[in-house]
Amino acid sequence: MDWNFADDDIFFCGGCGDDDTPDPRVPRQDKTLCVRCDRVERQVRRYRITVPRRNAIMRFQRDVCALCQEGPPIDHCPDAVSFWHIDHDHRCCPPGGSCGRCVRGLLCLPCNATRLPAYERLPNVLRDSPRFNTYLNSPPARHPEARPTARDHAGPRDASSYLIDAFFTAADHPEGNTLNP
């Protein structure tokens, strides 16, 4: 298999505008998108929300997990599996998809796969965590401030261009740092 790309074949992602040619070994459903944007597009379709809606939820959460308040580690490779997982109420829709109305927020893998499910399996009398109860009773996705604005239409927020911009903005303005050091 030939891994060389012709010099005149310049790729620009239709989602984020990055000009980083995607790795041809990584499958993408939409060949006009980079690997990261394609992954986000598949994720939002599965949970029946839009990319701007996902971005608005992420903005409202200040780019951290809604439960543990951790952001992606600095060494998280943007081409790796998405750090963010869309959480929805499984009482409304079964695992593996959503109607879109039951989306609660964006969580990191440990919170979405183990911490929250373990907490939800507890009897009500044992559910005494203020952080988990606040999340479950008032999920970030249901707040009016988590509605899309014009800036949420600028491509997936975990695209490398967004992460680089956020990194330099955080370095210039440490008080507004949304990425972990």
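How many disulfides does this structure hold? Where a disulfide is defined as a pair of cysteine sulfur atoms within 2.5 Å, the count comes to zero. Cys 92, for instance, is in no disulfide, since its nearest cysteine sulfur, that of Cys 93, is 3.6 Å away. What follows describes a predicted model, in which local features need pLDDT of at least 70 and side-chain atom pairs count only at pLDDT 80 or more, while totals for chains, interfaces and linings use all residues. Residues are numbered from 1 along each chain as its sequence is written, and side-chain values use heavy atoms, with hydrogens and water left out.

Burial is described here by relative accessible area, where buried means under 20%, exposed means over 50%, and partly exposed lies in between (1.4 Å probe, protein chains only). On this scale Cys 92 is partly exposed, with a relative accessible area of 45%, whereas Cys 37 counts as buried at 1%.

**Strands and core**

Helices (H or I, at least four residues) and strands (E, at least two) are DSSP runs, numbered from the N terminus. Strands β1 and β2 pair in the antiparallel sense over five bridges, pairing being assigned if DSSP finds at least two bridges between two strands. Within this pairing, Ile 86 stands opposite Leu 106 in β2. Strand β2 is mostly covered, for six of its six residues are buried.

A nonpolar core is a set of buried Ala, Val, Leu, Ile, Met, Phe, Trp, Tyr and Cys residues joined through side-chain atoms within 4.5 Å. The largest such core has 26 residues, and those with the most contacts inside it are Cys 65, Leu 67, Val 103, Leu 107, Cys 111, Leu 116 and Tyr 135. Helices α1, α2 (51–60), α3 and α4 and strands β1 and β2 each supply at least two residues of this core, and the largest share, four residues, comes from β2. In soluble globular proteins, nonpolar side chains tend to be buried together.

**Salt bridges**

The structure holds four salt bridges, a salt bridge being a side-chain nitrogen of Lys or Arg within 4 Å of a carboxyl oxygen of Asp or Glu.

Asp 38 and Arg 42 both lie in helix α1 (residues 35–46), four residues apart, which is about one turn of the helix. Of these two, Asp 38 counts as buried at 1% relative accessibility, while Arg 42 counts as partly exposed at 31%. In the remaining listed pair, Arg 91 counts as exposed at 76% relative accessibility, and Asp 89 counts as buried at 12%. Salt bridges that share partners also join Asp 87, Arg 104 and Glu 120 into one network.

**A feature of the surface**

Leu 122, partly exposed with a relative accessible area of 31%, has its place in the loop between α3 (109–121) and α4 (130–137).
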